[in-house]
Amino acid sequence: MDALSGRVQSVLKCLPVIYGAAMMRTVCTKDAIRETFAGLPEEAEDLFREAMGISLWVGEHKISQGEQVIFLGFYAILAIGAGAVLSRRRRLR
């Protein structure tokens, strides 16, 4: 994520796909990151996680796994609601 401009990062943080991807990256890279950064300062691992989009930040706030799940749940409810509305509109025509 660090390779992208600030505006692009801001737009991506409004989309649910970035949160799902970050959660998958966390699960898939947990052991490899632990081995790779063993013996190094914790800041090195934190910087890597942030640069690779594993840890997401909004301003100075690190978004937790729980917040990511809530955000994805909100978007799922929104998508289901929008689908229901569109489906109902098509039946009425």
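Tutor: The term here covers a side-chain nitrogen of Lys or Arg within 4 Å of a carboxyl oxygen of Asp or Glu. Keep in mind that this is a predicted model, where local features need pLDDT of at least 70, side-chain atom pairs count only at pLDDT 80 or more, and totals for chains, interfaces and linings use all residues. Residues are numbered from 1 along each chain as its sequence is written, and side-chain values use heavy atoms, with hydrogens and water left out.

Student: OK, which side chains does Arg34 meet in a salt bridge?

Tutor: Arg34 pairs with Asp31, at 3.4 Å from N to O. Both of these residues belong to helix H2, and they sit 3 residues apart, about one turn of the helix. Helices here are DSSP runs (H or I, at least four residues), strands are runs of E with at least two, and the numbering goes from the N terminus.

Student: Is Arg34 buried or exposed?

Tutor: Arg34 counts as exposed because its relative accessibility is 52%. Asp31 has 47%, so Asp31 counts as partly exposed. The cut-offs are under 20% relative accessible area for buried, over 50% for exposed, and partly exposed in between (1.4 Å probe, protein chains only).

Student: And what does Glu45 pair with?

Tutor: Glu45 meets Arg49 in a salt bridge, at 3.1 Å from N to O. Glu45 is partly exposed, with a relative accessible area of 21%.

Student: What about Arg49, buried or exposed?

Tutor: Arg49 is buried, since its relative accessible area is 14%. Leaving out residues up to four places away in sequence, Arg49 touches Ile33, Ile54 and Ser55. A contact means heavy atoms within 4.5 Å.

Student: Ile33, hmm. Which residues of H2 are buried?

Tutor: Ile33 is one of them, along with Ile18, Tyr19, Ala22 and Thr26. The buried residues of H2 pack against helix H1 (6-12), helix H3 (42-51) and helix H4 (65-92).

Student: How many residues does H2 have?

Tutor: Helix H2 has 21 residues, running over 16-36. From first C-alpha to last, H2 reaches 29 Å, close to the 30 Å expected at 1.5 Å a residue. That expected span is 1.5 Å times one less than the number of residues in the helix.

Student: Where does H2 bend?

Tutor: At Thr29, by about 55 degrees. The bend is the angle between axes fitted to the seven residues ending at that position and the seven starting there.

Student: Let's switch to H4. What does Gln68 touch?

Tutor: Gln68, which is in helix H4, touches Tyr19, Ala22, Met23, Leu56 and Ile63, not counting residues up to four places away in sequence. At 1% relative accessibility, Gln68 counts as buried.

Student: And Gln65, which residues does that one touch?

Tutor: Gln65 touches Met23 and Thr26, with residues up to four places away in sequence left out. Gln65 also lies in helix H4, but at 36% relative accessibility Gln65 counts as partly exposed. Gln65 and Ile18 are 47 residues apart in sequence and 12 Å apart in space, C-alpha to C-alpha.

Student: Zooming out, how many helices and strands are in the protein chain?

Tutor: The protein chain has 4 helices and 2 strands, in the order α-α-α-β-β-α from the N terminus on. Its radius of gyration is 17 Å, well over the 12 Å that the globule rule gives for 93 residues, so the chain is more spread out than a compact globule. The radius is taken over C-alpha atoms, and the rule is 2.2 Å times the number of residues to the power 0.38.

Student: What does the C-alpha trace span along its principal axes?

Tutor: About 65 × 30 × 20 Å. Of the 93 residues, 17% count as buried.

Student: And how do the contacts split by sequence distance?

Tutor: Among contacts between residues at least 6 apart in sequence, 60% join residues at least 24 apart.
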